[in-house]
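Here's a quick walk through a two-chain model, starting with the overall build and ending with a few local details. Have a look at the picture first, then read on.

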Amino acid sequence: MAYVAVKGGERAIDNAHAWLAEDRRGDPAVPEISLAQIQQQLGRSVDRVMAEGSLYDPDLAALAVKQAQGDLIEAAFLLRAYRTTLPRFGYSTPLDTAAMQVRRRVSAVYKDLPGGQVLGPTYDYTHRLLDFALAAEGNLPAPAPQATAESATMPRVSDILRSEDLIEGDGNPMPTTEPGDLTREPLGFPAPRDVRLQALARGDEGFLLAMGYSTQRGWGGTHPFVGEVRLGEVAVEIVPPELGFAIDIGEVTLTECQMINQFKGSKTKPPQFTRGYGLVFGHAERKAMGMALVDRAMRHDEFGEEATAPAQNIEFMLYHSDNIEGTGFVEHLKLPHYVDFQSELETIRRMRREAETNVATLKEAAE
Amino acid sequence: MNGYNFAYLDEQTKRMIRRAILKAVAIPGHQVPFGSREMPLPYGWGTGGIQVTASVLGAADTLKVIDQGADDTTNAVSIRRFFARTAGVATTTDTEQATIIQTRHRIPEKPLREDQIIVYQVPQPEPLSKLEPSRAETRRMHALAEYGAMHVRLYEDITRFGHVAISYDYPVMVNQRYLMAPSPIPAFDNPKMHMMPALQLFGAGREKRIYAIPPYTDVRSLDFEDHPFRTTRAPHCCALCGADDSYLDEVVTDDAGSRMFVCSDTDHCETRQAQGHTGTGEPMAREALAAGAAHGGDGS
């Protein structure tokens with residue numbers, strides 16, 4: 001093979017993109033998937049992309065899913081890169097999840113409670129048997145039975161326990177300073193809880209699942225109970241400075257998890273249940289629960305607990321929860337590194353020469 | 001480009017980055033945290049360098065982008081296109097023509113001038129990261145100039161191998177104060193950083209750090225009096241331009257161990273060829289390589 005200096009990177013890129021577009025479309029004989037179909041029928045994908053893309057926009061998330069061929073991390077990346085260009089108009093007032101239009105709410109700590117247990121649209125009790133009937137298209141499911149909601153609001157389990165002072169409070173829900181934003185200011189340590197929760201809400205579902213799981217297995221045990229998990233729609237309000245009062249700008253679908261944990265008390269605090277909190281865009285119970293577990297694990301300092309496990313190490317958790325950062329750095333290893341590798345080649349050859357010389361000298365000495 | 005600001009970033013973001021750059025220039029070698037943005041290119045592809053370039057780029061600038069020393073590597077092509085598209089600036093492959101050079105893993109062979117800026121893409125800005133994973137801790141170590149751990153690491157190499165076995169991203173001391181990662185350039189390029197007339201800027205997007213070396217700054221590769229720093233290159237001449245002092249890429253030409261050594265800096269190589277310099281144009285067989293290595297030493 002004769003070597004010629006490689007030219008034509010530009011053409012290679014163009015051709016690769018053309019191939020990618022063709023690959024994305026697949027067999028043209030198969031009808032193209034529409035954004036409405038993705039949004040309606042692949043809603044959990046759209047939800048995950050909004051959560052990890054850190055932008056609540058089901059239309060754009062559906063577009064991202066389509067553009068990324070269903071690669072959800074790639075789709076979240078598309079959404080993030082778009083999000084970064086958007087102007088910031090202000091912060092909403094704290095969302096009131098007690099006023100959520102609840103579609104699902106389960107508590108593991110009370111058999112029944114105000115507002116009741118609402119199973120909602122869940123996979124929890126499905127038998128995981130492939131439904132071959134679903135493979136045939138055109139089957140409309142029978143309409144689900146309807147009922148009126150028991151009450152307009154559904155008090156949070158944490159508020160119920162709070163009345164007996166058995167659980168720690170919410171803290172101050174109306175802080176005087178603006179909440180931290182790690183997309184504007186670089187992460188610093190010790191990271192305050194608002195920034196930690198932001199990082200977790202944007203974090204990778206798989207990472208939070210694994211790290212939350214690790215706390216259950218003894219790596220930073222948190223002895224959790226699901227106080228409740230709720231899913232539904234919550235109104236978002238802002239206070240425009242020129243109006244001075246709150247106006248409703250729309251609603252978002254959220255999954256909220258309140259994890260209740262044991263605490264035996266410290267010198268300054270009486271024995272009390274403590275909380276881990278998870279809040280995620282869309283329907284994402286697995287992630288909200290993982291988030292609540294690791295949120296509590298990272299609060300070891302507040303309760304004088306010894307930090308020994310990875311999930312309790314705030315720096316470790318926050319630096320590795322972001323899948324856009326992670327995928328970038330892992331996948332960048334595909335980029336050319338032949339300059340570095342060349343220097344490694346020369347170094348290892350030199351070391352081998354020296355090692356061989358040493359062996360030869362030893363041999364001579366022995367003979 | 002329609003719908004986007006000049007060089008992609010909005011002006012407020014550029015101002016924030018310029019402030020970080022000014023601070024970095026004022027404290028040579030010190031890592032300045034900055035509000036790194038999520039770019040339309042992935043982390044690891046040069047998002048830090050791109051943000052720095054976008055912040056210092058003007059309409060009259062001429063931009064050169066290299067990766068592994070070459071203008072035609074795919075990522076260099078992609079970044080050059082990004083700026084051609086979002087800023088409409090002139091681009092070049094000629095080191096001399098460029099006012100801003102964004103680079104990954106190399107410093108051009110041709111000495112840079114006072115009126116040029118070189119922007120390095122940095123994957124890991126923390127030189128102590130392999131010794132101490134916590135950034136809270138390494139920040140403290142930098143504040144106290146507590147660099148003993150790195151000297152011990154070099155010393156351990158010497159006791160084990162007889163020399164320091166770091167071949168790229170070789171740590172440097174900047175202005176006799178801050179230990180700095182030069183980015184994964186080969187140690188061969190380290191001496192070029194010392195007293196360089198051009199401004200050197202370093203951007204790490206994922207790690208959200210910017211640092212700088214102002215023109216004519218003292219930059220020393222860490223070493224010991226009895227084990228002075230030395231560089232390594234393949235002990236051959238470029239097969240295309242005959243250069244015996246440039247950094248070489250090793251190109252595998254068959255499955256029998258034949259190799260061809262060519263300049264990693266494509267502009268340098270082409271310039272020399274245009275001046276009439278030629279190499280053998282031929283690959284070297286495996287036996288010739290072994291003989292060359294035995295006689296050629298380590299090229300230090």
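Helices (H or I, at least four residues) and strands (E, at least two) are DSSP runs, numbered from the N terminus. On that basis, chain A has 13 helices and four strands. This is a predicted model, so to speak of local features we need pLDDT of at least 70, and side-chain atom pairs count only at pLDDT 80 or more, while totals for chains, interfaces and linings use all residues. Residues are numbered from 1 along each chain as its sequence is written, with chains lettered from A and ligands numbered from 1 in the order in which they are written.

**Overall build**

Chain A is more spread out than a compact globule, because its radius of gyration of 26 Å is well over the 21 Å that the globule rule gives for 367 residues.

A residue is buried if 20 or more other C-beta atoms lie within 10 Å of its own, exposed if 12 or fewer, and partly exposed in between, with C-beta atoms placed from the backbone.

| Chain | C-alpha box along the principal axes | Buried residues |
|---|---|---|
| Chain A | roughly 90 × 65 × 55 Å | 32% of 367 residues |
| Chain B | roughly 60 × 45 × 35 Å | 51% of 300 residues |

**Where the chains meet**

Two residues are in contact if their C-beta atoms, placed from the backbone, lie within 7 Å. By that test, 39 residues of chain A are in contact with 53 residues of chain B. On the chain A side, H1 (9-25), H5 (72-83), H12 (323-331) and H13 (338-366) each supply at least two residues. The largest share, 13 residues, comes from H13(A).

**Cores**

A nonpolar core is a set of buried Ala, Val, Leu, Ile, Met, Phe, Trp, Tyr and Cys residues joined through C-beta atoms within 7 Å. The largest one has 73 residues, and Ile21(B), Ile210(B), Cys238(B) and Val262(B) have the most contacts inside it. Helix H1 (residues 11-26) of chain B gives the largest share of this core, six residues. A second, separate core of 58 residues includes Val65(A), Val229(A), Ala292(A) and Tyr43(B).

**Local details**

Back in chain A, helix H3 (residues 43-53) is mostly covered, with nine of its eleven residues buried. Among them are Val46(A), Val49(A) and Met50(A). Just after H3(A), Ser54(A) takes a positive phi of about 65°.

In chain B, three strands make an open sheet in the order E7-E6-E10, with antiparallel pairing. Strands E7 (178-180) and E10 of chain B stand at the edges with a single partner strand each, so one side of each is left without a neighbour in the sheet. Strands pair if DSSP finds at least two bridges between them, and E6 (residues 172-174) of chain B and E7(B) have three bridges. Met173(B) stands opposite Leu179(B) in E7(B).

Technical notes: Rg over C-alpha atoms; globule rule 2.2 N^0.38 Å.
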